[in-house]
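Subject: The two-chain model

Hi,

Here is the structure I promised to pass on. Have a look at it first, then read my notes below.

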Amino acid sequence: MTPLERSALNESRHGAALNAKQWLSLRLPKRLRAIPLQRFGILLCERLSKGRRPPVGSTEIQIISPPSSIIQMQRTDLLTFCRQIGIASSETIRIKRGTRSLLELYLSGLALSYVADGDVLLGSVILRAAARIGFQNVWLDQTEIHLLDQQESDGGFGLVAAESELLGDDSDLAQTRLILTVEILWALAERAFSANGATFTPSNKRRSPTALTNASGDR
Amino acid sequence: MLATIAEKAGRLAVAWVTRNLIRFRLYITAELTADSIKALSELAILYSFLKDVGSDGEDSGVQDTIVSWESFLVEQCNTPKYAQMARKRPGQAFYLLMPYLALRRTGYRSPYHERTLDLLRRWRYPEATEVVPHRLLDRQYFLWKAGCLDSEPDWIRQYEATSLRYMTHPQYLDDEAAYVFTHTLFYLTDFGRHKPPLPSVELKHLIQLGEYLVIHNWRHRQWDILGELLVGLRGLQRQRSRIYVDAANAFCETQHEDGSVPPGQDRKISNSHPSEDSEDLLFRRRYHTTFVMALFAFAHLHS
C-alpha cells in the first residue's frame, strides 16, 4: 500500500465509525441484553475517532503450535483462538521463535479466505487478532477494505437481509447487524491503533470505500 | 525431506494408475461418455508428461512402469468408433482427439488420426470453434506440444487475454476462477517445469494470488485444486517457500496406502452408472486427484 492509500484507508475507517455511531445511537435494541453491545459499539466508534486503543484484557497468550495448524482448525476453535489473542495485551503475546512471519502469512490468508466465504464475523475477529499482534500486510489491508465495503448507507454493517429472510421468524436482522457492526468496528479500531499508534488524528475528509478498493487493487 | 516424500507419493500414484489401467478404457458402456474421454485424455497427458520428465533424465523408476500405458493408450485411440468420431463432429474434434494429441507429443503417429488432422485443417478446425481465452491457451499449448503448429504461440499475448491480470481482489474468486488460474499456470509453466515468460510484476502478482488460493483451498480440503496450485507454484519457482513446503506436506498426507488420493470433502462426481460397482466408483472419485499427485510429485522433483 502506498502512503496515499494508507491515508485513504485511515479516512475510510474514520468515516465508517462516524456513520456507524449514528446508526448505533439512533436505534433502540429490542432485547435488553443487546444494550451493552450497543454501548460497546459506540465506545469503539469514539476510540477509533480519537485514535485511542480499544479495550485490552490482561490475558497472556503463548502461540507455540506450528503456524500451519491453524489452516484446518475448526471454525469455533479458530474463533476462540483469535478472540483470545484479540483481548491479550500486545506485550504478553509470545510467538514461537522463527514462526512469526509464517503465522502472519497464514492468519492474513485465513482472514481473506473467511470473508471470501461470506463469514464476515470470523474475518473481523481474525483481522483484530492479527492487528493486536502487530501484523501488517496486503491481505489484511484487503480484508479490512472488504469489511468497510460491507457498510450500508444507514451506517450499520452486514449484507444479511436475504439470510435473515431465509431464517424466517426466528431471525432478528437488527440483532445480527448489531453483532456484525460491533465486531467489524472492533477490528477497525484495532487496525487503526496498530497502524497509527496513539498519534493518529483523522481529518474531516472521507474517501469512499469503493475508490479505496480500486486504488488498493492497482498493481 | 519433501523431495523424498514427493518421490514416494509420485511412485505410489503411478503404480495405482497402472493397476487401474483397464478402468480408463473409452467404452466402459456401449456409449462413449464425456467422463471416459476426459479420463483417457488425462491419462494420456500424464503419460506424455512423465515421458518428458524421463527424457530430461529424471529416474524414479516410473519409466519402466508406464511402458504398459503406451500400448493401452494406442489401443484405445485406435478403436474405430472412437477414431471416426472426430470426423463426424469437427466442432468437438480438439476435445475428442486430446488422447491422440498427447500421444503424438511422445512421437507416436497413427495414419488414421493424421488423416483426420489433415481433414480438420481443411475444414478450418479447431479455429472455427469459439473458446474463452484460457481455453484458447489450453488448445494452443496442446497443439504446440503435439507438433501441430508451425510456430510457437505468443504466450504473453495469450496470458494477457485471460482474466488472471484482473484478479486483484482474491476474496471474490470462486472455483471457476481457481480453475482458470491453475490451468493457465499449467500451460505457461509447462506443468510446473519452467518459469513463465512474463514480466516480473506479473510473476509477483501470480505468486501472491497462488499463495492465497493455496491457503483457501487447503482450508477447504480441496485436494485436487491444492495439488494443481502447487504445480503452478513450482513453475513460479516457489518450491523452497515455507507455504509451498507446508501445503505440499499436507497434500501428500492425504494419499492412501494404495496410492490413490481423494479429491477432497467438497468435490462431487457425476451420477454413477447403474452397472458400476464400488471399485469403479472409488476409481472415478479418485483418479483425477491421483493424477494431480503424480504431476505435482514429478514436477517438484524435476529441476
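This is a predicted model: local features need pLDDT of at least 70, side-chain atom pairs count only at pLDDT 80 or more; totals for chains, interfaces and linings use all residues.

Let's begin with chain A. By that definition, chain A has nine helices and two strands. If you walk along chain A from the N terminus, the elements come in the order α-α-β-α-β-α-α-α-α-α-α. Chain A has 219 residues, and 53% of them count as buried. Now take the contacts in chain A between residues at least 6 apart in sequence: 80% of these join residues at least 24 apart.

On to chain B. How many helices and strands are there in chain B? The count is 16 helices and zero strands. Chain B has a radius of gyration of 19 Å, close to the 19 Å that the globule rule gives for 303 residues, so chain B is as compact as a globular protein of that length. Its C-alpha trace spans about 50 × 45 × 40 Å along the principal axes. Of the 303 residues in chain B, 58% are buried. As for contacts in chain B with a separation of 6 or more, residues 24 or more positions apart account for 73% of them.

Now for the place where the chains meet. On one side there are 23 residues of chain A, in contact with 22 residues of chain B. Together the two chains bury about 2,200 Å² between them, and 55% of that is on carbon and sulfur atoms.

Which side chains meet in a salt bridge? They are those of D117(A) and R219(B), at 2.2 Å from N to O. The count between chain A and chain B is one salt bridge, while 10 residue pairs are in polar contact across the interface, both residues being at pLDDT 80 or more.

Which parts of chain A supply the side that touches chain B? Three helices each give at least two residues to it: α4 (100-116), α6 (138-148) and α9 (209-217). Of the elements of chain A, α4(A) gives the most, with 10 residues. Sorted by class, the side of chain A that touches chain B has 11 nonpolar, 10 polar and two charged residues.

If you want a place to start, zoom in on D117(A) and R219(B), the salt bridge pair, and then look along α4(A), with its 10 residues on the side that touches chain B.

Cheers

Definitions and conventions
Residues are numbered from 1 along each chain as its sequence is written. Chains are lettered from A and ligands numbered from 1 in the order in which they are written. Side-chain values use heavy atoms; hydrogens and water are left out. Contact means heavy atoms within 4.5 Å. Buried area is the accessible area (1.4 Å probe) that two parts lose on being put together, summed over both. A salt bridge is a side-chain nitrogen of Lys or Arg within 4 Å of a carboxyl oxygen of Asp or Glu. A polar contact is a pair of N or O atoms within 3.5 Å; within protein, one must be able to donate a hydrogen and the other to accept it, and residues adjacent in sequence count only if both atoms are side-chain atoms. Helices (H or I, at least four residues) and strands (E, at least two) are DSSP runs, numbered from the N terminus. Ala, Val, Leu, Ile, Met, Phe, Trp, Tyr, Cys and Pro count as nonpolar, Asp, Glu, Lys and Arg as charged, and the others, Gly among them, as polar. The radius of gyration is taken over C-alpha atoms; the globule rule is 2.2 Å times the number of residues to the power 0.38. Buried means under 20% relative accessible area, exposed over 50%, partly exposed in between (1.4 Å probe, protein chains only).
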